[in-house]
Amino acid sequence: TFKRKKYLVVKKAISKDMANFIYGYFSMKRRVAKKFLDDRYISPFEEGWGTWKDKQIPNTYSHYADNVMETLLVKVLPIMAQETGLELVPTYSYARLYKKGDILHRHKDRPSCEISTTIHLGGNPWPIFIDGTGANNILSGSETTTMVKPNAPEGVEVQLGVGDMLVYSGCELEHWRKPFEGNLCVQVFLHYNHADGRFAEKNKFDRRPMLGIPK
């Protein structure tokens with residue numbers, strides 16, 4: 001299925017108990033980070049505590065390479081390999097705690113995200129849409145601008161339960177989310193490269209010396 005469609009859904013990829021634990025952990029970390037920022041224990045640029053300055057979804061708490069998420073990145077690797085039939089190497093994790101009104105615009109991913117998954121960890125469900133044809137990504141300096149072609153397909157709506165994951169080819173398939181109507185939703189993106197691909201060595205651990213440390 002993955003080789004034909006370049007995406008698939010894996011039900012109960014992680015247990016609800018594990019998803020609930022990570023959901024509680026990440027929600028608490030957000031509260032602690034906000035307290036530390038408000039009381040000036042940390043600066044807004046302290047990467048180890050996450051950020052509200054993500055350019056893709058501003059003012060929403062997100063975290064690159066949180067240690068728990070990086071551990072999950074490794075734990076899920078055998079499932080990713082089994083479901084895709086590919087030999088993969090982990091690059092990085094990225095988690096967000098979405099709020100009402102957030103929107104993830106239609107886009108493709110950068111080279112460190114050749115094969116990716118998003119896992120629903122808890123909160124209100126929020127479908128993700130995926131399609132293989134509707135946009136051109138034009139690089140302008142270090143930024144990526146998405147131009148949606150006229151009459152682009154509406155895409156396939158994927159609804160994930162807690163612990164379910166969508167596996168997809170992030171550099172080839174456009175994916176997006178419509179405005180979030182719930183109150184909060186915690187999702188984590190786990191990214192991998194082909195083990196024998198052209199980015200495997202260049203983007204090892206997303207160009208970090210090891211997993212678990214900031215970019």
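Buried, as the word is used here, means under 20% relative accessible area, exposed means over 50%, and partly exposed is what falls in between. With that in hand, welcome to a set of close-ups of a predicted model.

**Figure 1. Asparagine 203, a buried residue in the segment after β12.** The strand β12 covers residues 184-194, and asparagine 203 sits in the segment that follows. Its relative accessible area is 5%, under the 20% limit, so asparagine 203 counts as buried. Setting aside neighbours within four places in sequence, asparagine 203 touches Thr91, Pro111, Ser112 and Asn193.

Figure 2. With a relative accessibility of 32%, lysine 6 is partly exposed.

**Figure 3. Threonine 1, in the segment before α1.** Is threonine 1 buried or exposed? Threonine 1 is exposed, and its relative accessible area is 59%. Beyond the neighbours within four places in sequence, threonine 1 is in contact with Lys6, Tyr7 and Leu8.

**Figure 4. An open sheet of four strands with antiparallel pairing.** The strands run in the order β4-β11-β6-β9. Which strands are at the edges? They are β4 (104-107) and β9 (156-158), each of which pairs on one side only. On average, and with direction ignored, neighbouring strands of this sheet are turned by 25 degrees against each other. Take a moment for the pairing of β4 with β11 (residues 174-177), which is antiparallel and spans two bridges. In this view, leucine 104 faces arginine 177 of β11. As a reminder, the strands of a sheet pair through backbone hydrogen bonds, either parallel or antiparallel.

**Figure 5. The largest nonpolar core, with 30 residues.** In soluble globular proteins, nonpolar side chains tend to be buried together. Which residues have the most contacts inside this core? They are Val76, Ile119 and Leu121. At least two residues of the core come from each of β1, α2 (16-38), α3 (67-75), β3 (88-99), β5 (115-123), β10 (165-168) and β12. Apart from this core lies another, of 15 residues, including Tyr7, Ile57, Leu166 and Leu173. Centre the view on leucine 121 and, leaving out neighbours within four places in sequence, you will find it in contact with Ile14, Ala19, Asn20, Ile22, Tyr23, Met69, Val162, Val186 and Val188.

**Figure 6. The two sides of helix α3.** The buried residues of α3 are Met69, Glu70, Leu72 and Leu73. Why do these residues share a side of the helix? They cover an arc of only 155 degrees around the axis, and therefore lie on the same side of α3. An α-helix has 3.6 residues a turn, so residues three or four places apart point the same way. On the other side of α3, Thr71 and Lys75 are exposed. The cover over the buried residues of α3 includes α2, α4 (77-84), β3, β5 and β12.

**Figure 7. Glycine 123, in strand β5.** Glycine 123 has a relative accessibility of 34%, which makes it partly exposed. Apart from neighbours within four places in sequence, glycine 123 is in contact with Tyr23, Leu184 and Cys185. Threonine 60 is 63 residues away along the chain, and the C-alpha atoms of glycine 123 and threonine 60 are separated by 15 Å.

**Figure 8. Residues 139-143, where pLDDT stays under 50.** For this stretch the model has three contacts beyond four places in sequence. Where pLDDT is low, the predicted coordinates should not be read in detail. The chain averages a pLDDT of 91, and 91% of the residues score at least 70.

Note on methods: Residues numbered from 1 in each chain as written. Predicted model: local features only at pLDDT ≥ 70, side-chain atom pairs only at ≥ 80, totals over all residues. Heavy atoms only, no water. Buried < 20%, exposed > 50% of the residue type's maximum accessible area, 1.4 Å probe, protein only. Contact = heavy atoms within 4.5 Å. Pairing = 2+ DSSP bridges. Axes fitted to C-alpha atoms, helices over the stretch in contact; angles between N-to-C directions. Core = buried A, V, L, I, M, F, W, Y, C linked by side-chain atoms within 4.5 Å. pLDDT = per-residue confidence, 0-100. Arc of directions from axis to C-beta.
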